[in-house]
Amino acid sequence: MADAVALERPLAGLRRVAAQLSARARTTARAYPRETIGAGVLAFIASVALGTALVPGTTGPAAHAAPPAPPPLIMRQLAPDQALKVNAEIPVQAGPNPAARPFAFRGTDSARAQALQCLASAVYYEAGNQDENGGRAVAQVVLNRVRHPAFPASVCGVVYQGSTRTTGCQFTFTCDGSLNRTPTAEGWRRAYKIAEDALSGYVYAPVGWATHYHADYVVPYWASSMAKNAVVGAHIFYRWAGGWGQPAVFTHAYAGREPNAAALRTAALAVPHVSPVPAEGQLAEAIKEIPGAEPLNLSPSMRGDKRVAVRFNLVARKASEEAVHEDYTKKFESSDNLKYALSSDTVAEDQQPLGKPSGTAGGSAVASTQR
């Protein structure tokens with residue numbers, strides 16, 4: 001009983017204080033109605049912001065929207081010298097370009113073997129003609145993508161992304177026929193060593209958190225919309241502009257397993273790849289006038305090639321098959337000899353000889369041969 005009385009006394013005091021504060025609040029609200037409403041709104045916003053900050057995983061762009069889709073590697077139709085000039089005019093973004101964190105590979109020995117195969121292939125075919133820094137930069141981009149929510153969570157998944165579609169491969173060597181070339185022994189050893197170092201935690205700092213790159217003699221349509229953050233050898237590197245290119249976004253957990261590299265290679269080689277080419281100028285107008293025609297590159301590996309191939313879609317093929325065919329020899333009056341020459345039909349029994357008939361004194365007709 002004594003405990004209950006002791007507990008009641010402080011509670012009564014708290015109730016008196018609460019009543020006094022409530023009375024003051026009502027008095028203030030009557031005296032300053034607008035200010036009171038404004039203060040209430042600000043307090044609500046502050047409480048929401050504080051609650052969001054305290055809940056894990058709700059900060060950054062990933063909390064509000066899905067990650068952007070990787071853009072297809074569609075090139076502007078520019079000659080190599082023009083592309084070099086355009087690329088040089090795109091400035092490198094000012095501001096910090098922090099190095100990526102070391103990649104922590106957590107998987108089985110089998111998964112590591114597949115990851116090494118895929119990563120070494122990317123290094124060899126994408127930067128085999130460059131020095132080691134060029135290869136290390138490519139490897140860094142692959143591992144950056146593994147940790148970005150817009151890409152697959154495995155090394156082989158990143159390297160071969162889109163390779164089984166007729167368009168849309170992310171690394172051109174998986175869809176331009178390069179995989180048909182057998183690597184040189186020395187080149188493969190170097191690429192494999194770079195891949196081993198990268199999976200063991202080596203970081204190539206100059207490219208930062210870049211997730212995209214291209215050769216300096218081509219200009220993808222997406223180049224102007226991304227943040228250019230490094231140039232290494234013949235490659236230009238980019239990260240997404242805005243929040244999706246910031247280090248805090250690269251929290252995608254590695255899957256811990258890898259698809260079969262040999263199976264991915266075989267599947268990529270089995271697909272007849274084409275690269276969509278946005279035609280320009282008079283060429284585009286000419287192609288538009290051909291029913292069912294679609295412009296495409298002869299080969300993505302023939303960069304800078306000015307030749308153009310045209311593919312006809314199923315609509316054009318169907319229209320061609322349904323077109324009414326009229327025998328060529330029926331369109332004009334011709335002799336039986338000419339009809340025979342054009343059609344390979346059998347000769348009529350009363351076939352006349354070549355040439356024009358000419359009359360003689362005896363009234364008989366003879367042929368005057370033409371040479």
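This is a predicted model: local features need pLDDT of at least 70, side-chain atom pairs count only at pLDDT 80 or more; totals for chains, interfaces and linings use all residues.

Visitor: Okay. How many helices and strands does the protein have?

Guide: Eleven helices and seven strands. Those are DSSP runs numbered from the N terminus (helices are H or I, at least four residues; strands are E, at least two).

Visitor: And what percentage of the residues is buried?

Guide: Buried residues make up 33% of the 371 residues. The cut-offs go by relative accessible area: buried is under 20%, exposed is over 50%, and partly exposed is in between (1.4 Å probe, protein chains only).

Visitor: Let's look at some helices. At what angle do helix 4 and helix 7 pack?

Guide: About 125°, with the axes of helix 4 (residues 109-127) and helix 7 8 Å apart. Axes here are lines fitted to C-alpha atoms, for helices over the stretch in contact, and angles run from 0 to 180 degrees between N-to-C directions.

Visitor: Why are helix 4 and helix 7 called oblique?

Guide: Angles under 35 degrees count as roughly parallel, over 145 as roughly antiparallel, 65 to 115 as roughly perpendicular and the rest as oblique. Helix 4 and helix 7 pack at about 125°, so they are oblique to each other.

Visitor: What kinds of residues make up the contact of helix 4 with helix 7?

Guide: It divides into 14 nonpolar, three polar and three charged residues. For those classes, Ala, Val, Leu, Ile, Met, Phe, Trp, Tyr, Cys and Pro count as nonpolar, Asp, Glu, Lys and Arg as charged, and the others, Gly among them, as polar.

Visitor: How do helix 4 and helix 5 cross?

Guide: At roughly 130°, and the axes of helix 4 and helix 5 (residues 132-146) come within 9 Å. That makes helix 4 oblique to helix 5. By class, their contact has eight nonpolar, two polar and one charged residues.

Visitor: And helix 5 with helix 7?

Guide: Their axes cross at roughly 45° and come within 10 Å, so helix 5 and helix 7 are oblique to each other. This contact has five nonpolar, one polar and four charged residues. Among the residues that meet are R136 and L143 in helix 5, and R190 and D197 in helix 7.

Visitor: Is L143 buried or exposed?

Guide: L143, which lies in helix 5, has 1% relative accessibility, so it counts as buried. Leaving aside its neighbours within four places in sequence, L143 is in contact with F103, L119, V155, A198 and L199. The C-alpha atoms of L143 and T211 are separated by 8.8 Å, and these residues are 68 apart along the chain.

Visitor: New topic: loops. Where is Q170?

Guide: Q170 is in the loop between helix 6 (155-159) and helix 7 (185-199). At 12% relative accessibility, Q170 counts as buried.

Visitor: Which side chain does the side chain of Q170 make a polar contact with?

Guide: That of R145, at 3.1 Å. A polar contact is a pair of N or O atoms within 3.5 Å; within protein, one must be able to donate a hydrogen and the other to accept it, and residues adjacent in sequence count only if both atoms are side-chain atoms. The side chain of Q170 also reaches the backbone oxygen of P71, at 3.4 Å.

Visitor: What about Q130?

Guide: Q130 is found in the loop between helix 4 and helix 5, and it is buried, with a relative accessible area of 12%. A polar atom of the Q130 side chain lies 3.5 Å from the backbone nitrogen of A234.

Visitor: One more: which residues does Y204 touch?

Guide: N133, R136, A137, Q140 and V232, not counting residues up to four places away in sequence. Y204 lies in the loop between helix 7 and strand 1 (212-215), and is buried at a relative accessible area of 9%. Y204 and A137 are 67 residues apart in sequence and 6.2 Å apart in space, C-alpha to C-alpha.

Key. Residues are numbered from 1 along each chain as its sequence is written. Side-chain values use heavy atoms; hydrogens and water are left out. Contact means heavy atoms within 4.5 Å.
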